[in-house]
Structures are given as structure tokens and as C-alpha cells.
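Please open the model in your viewer and keep the selection panel at hand.

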Amino acid sequence: MSIEKLEYFYVVAKYVSLTRASQELYVGISSLSSAIKSLESELGFDLFVRQGKKLELSTAGREILPYVKKILENVEMIRSSLYDKLNQFSFKVGISEIAVQTITHKQNVEEQAYNFTFVKSTPLDVLNKLRNQEIELGITSNKVDDPQFERTFLFQTEVLIATSCTLISNHVLVGTAQTLENVPFLILEDHVEHETLTKMVTNVLKITPTFIYCADSLGIHKWLCANKGVLVIHSTEKELLEDETIRFLSLENQIYIDYYLYKNKSYPFTFNVEGAKNYLKSACNKM
């Protein structure tokens, strides 16, 4: 009698449906049915009453269900306890947008209960890597409804305009379309998503400013101080630029971007993924 068969029985019993259980477990209906029949053969009694395509728990099935649930809970506790002691919680987390990269900084400077390896990629590629089980978790602002993924809201950022104090004084910038219309927008050439974000903001404002591409993102602070333009950033990035020469403006019609944590439901996790999710959410709330 395997844990896998008990898990299959538990999920089928939860839905009283092979089809729904198959979708949750990512197991073919025929394989699921065979596993249930094998378990019934081992136990010596039927777990379900079959009436055509309709299933109902048998008396024996109802009696053992609480025990099976307890067994599965204990198995998960054993796994979690073992990996806690071995300190082997290791996750590859796919990230895309610049705003998410603040998490990697926190990972380096704080004592961690989890060992995260962050894999930078495009939003689409993050989801493809997750689908192909090349990573355990993925973080992106793309909101995807896919039965293969479990999506959890992670955090939200406000889009801000970074500018020099001098430019604010000279142009009386207040984050409105009127005051930003004739001011160049700096774009980080080495971050494709930053161009997308910047042009999204200008489209929302319905303005057509000049775009200046900065090849060196490390020198962006000098460009701002030289009054060459303004920079669109996420609120999580303020600490990277904030000093007495830089100011941050909220847009007149504030723009917020939601970020989500994705998990592949079919990934064979053998560790406490819920704990890792909660840790990441906690880290993001501190940003």
C-alpha cells in the first residue's frame, strides 16, 4: 500500500469525481482508476460505489477516509520536520521585472530559513520554466489563469517619477500630463521591461515625450542630476536612488502594479513550499 495510492483515494473522495481528481493531481483518469482498484484489491473491499459514471463513497470508504487524511497529514509533517533539520529548503525562483529584484538583495542580507536561487528571465520565460519544472516558483506581474498553476498575490508597487530637485523647481513638475509633456523620459537600455513600463506610463498620460536611452544603468543617477530627464520607477526602487538631490513624484492618476507568485501544481514538492511562499510574501511586505 503506497502513500501515492492513499493520496489518490483521498482526492477522489474529496471531489467524488475521477475527472476533477485527475485535473488536480495531473494524472490520467485511467491511471487514477487503476490505482484506486489496486488499493481496493489490497484492502479487500470497495472504496466507492459505482453507478455508471457516478461515484459515491462506500460505507468502508467513508470509515477509512479520516484515517487516510491523518496519514497524509503525518507524512507531510515528517517530510517538513526532516527537511527543517537538514536545512535543505532550496528553491529556484524565476523573476522578471526590476521591482522583484529587491527580493534578491533581502535574500543576501538577512538570515534565511530558505535557500533561494533567483533566476532572472522575461515574464513569459518565467512561466515557461515553471511549466517545464526548471524552477520551483515564479514571480511576475503577468496575471495568468492556467489550471496548471497556483497563483498567489505577492505584493503591489506604485509607479513613481524620479527627478532632480532642480528640474522640479524649473518645470514645477507635479506628476501630471501637462508638466511632463515636454520633459524627456530616461529609459534603461539594459532592461527591456523598463522600456515597457515607461511607455505604458506615457500612454496612460496620453503624452508623446522624447525618450533618451541610457546604456549604463549605474550612471542613471548622474543623468537625473544633470537634468537630462525623468525616470519611471517602482516604489520598491526608491532606496536605490534616494538622496537629497532626487525627488519622487506620484502620478496624478496613480498607477499600481500587482505581482504574483506562481507554483506548478504538478511539481513533485517534497518540502514545505507553503512556508517558502509565506516567507517571500513577508519579505515583499517589508519593501
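The tour below starts with the whole chain and then visits single elements and residues.

**Before you start**

This is a predicted model, in which local features need pLDDT of at least 70 and side-chain atom pairs count only at pLDDT 80 or more, while totals for chains, interfaces and linings use all residues. Residues are numbered from 1 along each chain as its sequence is written, and side-chain values use heavy atoms, with hydrogens and water left out.

**Stop 1: the whole chain**

Show the cartoon: the protein has twelve helices and eleven strands. Both are DSSP runs numbered from the N terminus, helices being H or I with at least four residues and strands E with at least two. Of the 287 residues, 46% count as buried. Buried means under 20% relative accessible area, exposed over 50%, and partly exposed in between (1.4 Å probe, protein chains only). Among contacts between residues at least 6 apart in sequence, 72% join residues at least 24 apart; a contact means heavy atoms within 4.5 Å.

**Stop 2: helices H2 and H3**

Select residues 18–25 (H2) and 29–43 (H3): their axes come within 9 Å and cross at roughly 105°. Axes here are lines fitted to C-alpha atoms, for helices over the stretch in contact, with angles from 0 to 180 degrees between N-to-C directions. H2 and H3 are therefore roughly perpendicular; under 35 degrees counts as roughly parallel, over 145 as roughly antiparallel, 65 to 115 as roughly perpendicular and the rest as oblique. Now show side chains: Leu18, Thr19, Ala21, Ser22 and Leu25 of H2 meet Ile29, Leu32 and Ser33 of H3. By class, this contact has five nonpolar, three polar and no charged residues. Ala, Val, Leu, Ile, Met, Phe, Trp, Tyr, Cys and Pro count as nonpolar, Asp, Glu, Lys and Arg as charged, and the others, Gly among them, as polar.

**Stop 3**

How many aromatic pairs does the structure hold? There are four. Rings of Phe, Tyr and Trp (its six-membered ring) pair if their centres lie within 6.5 Å, and planes under 30 degrees apart count as stacked, over 60 as edge-to-face and the rest as tilted.

Select Phe153 and Tyr260, an edge-to-face pair with 6.2 Å between centres and 75° between planes. Phe153 lies in strand E6 (residues 149–164) and Tyr260 in strand E11 (residues 256–264), 107 residues apart. Phe153 is partly exposed at 41% relative accessibility, whereas Tyr260 is buried at 9%.

Next, select Phe155 and Tyr259: their ring centres are 4.8 Å apart and their planes at 10°, so the pair is stacked. This pair also links E6 and E11, across 104 residues. Phe155 is buried at 3%, and Tyr259 is buried at 0%.

**Stop 4: charges over rings**

A charge sits over a ring if NZ of Lys or CZ of Arg is within 6 Å of the ring centre and within 35 degrees of the ring normal. Then select Lys228, with its charged end over the ring of Trp223, 4.4 Å from the centre.

**Stop 5: two loop residues**

Asn227 is in the loop between helix H10 (220–225) and strand E9 (230–234). Its phi is near 60°, a positive value in a residue other than glycine. Finish at Gln133, in the loop between H6 and strand E5 (137–140); the phi of Gln133 is near 60°.
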